[in-house]
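Subject: Handover of a structure

Dear colleague,

Please find below the structure that I am passing on to you. My notes on it follow directly after.

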Amino acid sequence: MRDVTLLNIFEHHIAQKYLNRSGLAHAIAVAYHAFHLGKEHQLDIDIAAKAGLLHDMGHYTWYKNGKWDYDLYKQNDIHPIKGAERAHKLLIRLGENPIKAKTIALAILFHTDSFLPSNDIIRTPLQQIVKWADERDEEEGGMHHYRTIDYVRARQSIIRLDQWIDREYD
Ligand SMILES: [Fe+2]
């Protein structure tokens, strides 16, 4: 039995705020990729899916004169750090197992090298598949952040993924 489902996370107002900011469709796609990769590599699929869903929740809006400023973003972005912290806080608040919450937070922290001075991190298998899951859904020019999905369909996809996880999980 899991303490927290993807639906519990999805329906929380904090998750709604930040998942919508960085693209709900992308978050769900990455959760699905992470689930499949987790299964393939015999990792904890619940942790993988949750890290996939929440991996981008640390994004800040780098706008200048009403337009997204990519240079400002590149220079100042720390979204994996903020995302790890936000996801951890949310998960603990929802009653997540603290060991799982930490594992998910670390997978979010290391899901990209973009904010680091060098790219020499050695990832655990779980951290690696969350990075791959994100890359699988990436589109040129960051377009994956702008794909949309309506709330009802998004909620259905989350429920279906929860069912898949429950089927594999004791
Ligand atoms: Fe992403």
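Over residues 23–139, what percentages of the chain are helix and strand, and how far apart are the end C-alpha atoms? The model is a predicted one, and over this stretch it is 63% helix and 3% strand, with the end C-alpha atoms 12 Å apart. An unreviewed UniProt entry annotates residues 23–139 as "domain: HD".

Helix H7

The packing of H4 and H7

Two packed helices are described by the angle between their axes and the distance between the axes. For H4 and H7, the angle is about 50° and the axes are 9 Å apart. The two helices are therefore oblique to each other, and their crossing is right-handed. On the H4 side, the contact is made by Ile-47, Lys-50, Ala-51 and Leu-54. H7 contributes Lys-100, Thr-103, Ile-104, Ala-107 and Ile-108.

Arg-86 in helix H6

Is Arg-86 buried or exposed? Arg-86, which is placed in helix H6, counts as buried because 21 other C-beta atoms lie within 10 Å, the cut-off being 20 or more. Leaving aside neighbours within four places in sequence, Arg-86 is in contact with Tyr-18, Met-57 and Gly-58. Thr-112 is 26 residues from Arg-86 along the chain, and the C-alpha atoms of the two are separated by 17 Å.

Two residues with positive phi

Most residues other than glycine have a negative phi. Gln-42, although not a glycine, has a positive phi of about 55°. Gln-42 is found in the loop between helix H3 (24–40) and H4, and it counts as exposed because it has 8 C-beta neighbours inside 10 Å. Asn-65 also has a positive phi, near 50°. The loop that holds Asn-65 runs between strand E1 (63–64) and strand E2 (67–68). With 5 C-beta neighbours inside 10 Å, Asn-65 counts as exposed.

With kind regards

Terms used:
Residues are numbered from 1 along each chain as its sequence is written. This is a predicted model: local features need pLDDT of at least 70, side-chain atom pairs count only at pLDDT 80 or more; totals for chains, interfaces and linings use all residues. UniProt positions are given in the numbering used here, feature names are shortened, and annotations may be inferred rather than shown by experiment. Helices (H or I, at least four residues) and strands (E, at least two) are DSSP runs, numbered from the N terminus. A residue is buried if 20 or more other C-beta atoms lie within 10 Å of its own, exposed if 12 or fewer, and partly exposed in between; C-beta atoms are placed from the backbone. Axes are lines fitted to C-alpha atoms, for helices over the stretch in contact, and angles run from 0 to 180 degrees between N-to-C directions. Angles under 35 degrees count as roughly parallel, over 145 as roughly antiparallel, 65 to 115 as roughly perpendicular and the rest as oblique. A crossing is left-handed if the near helix is turned anticlockwise from the far one by less than a right angle, and right-handed if clockwise. Two residues are in contact if their C-beta atoms, placed from the backbone, lie within 7 Å.
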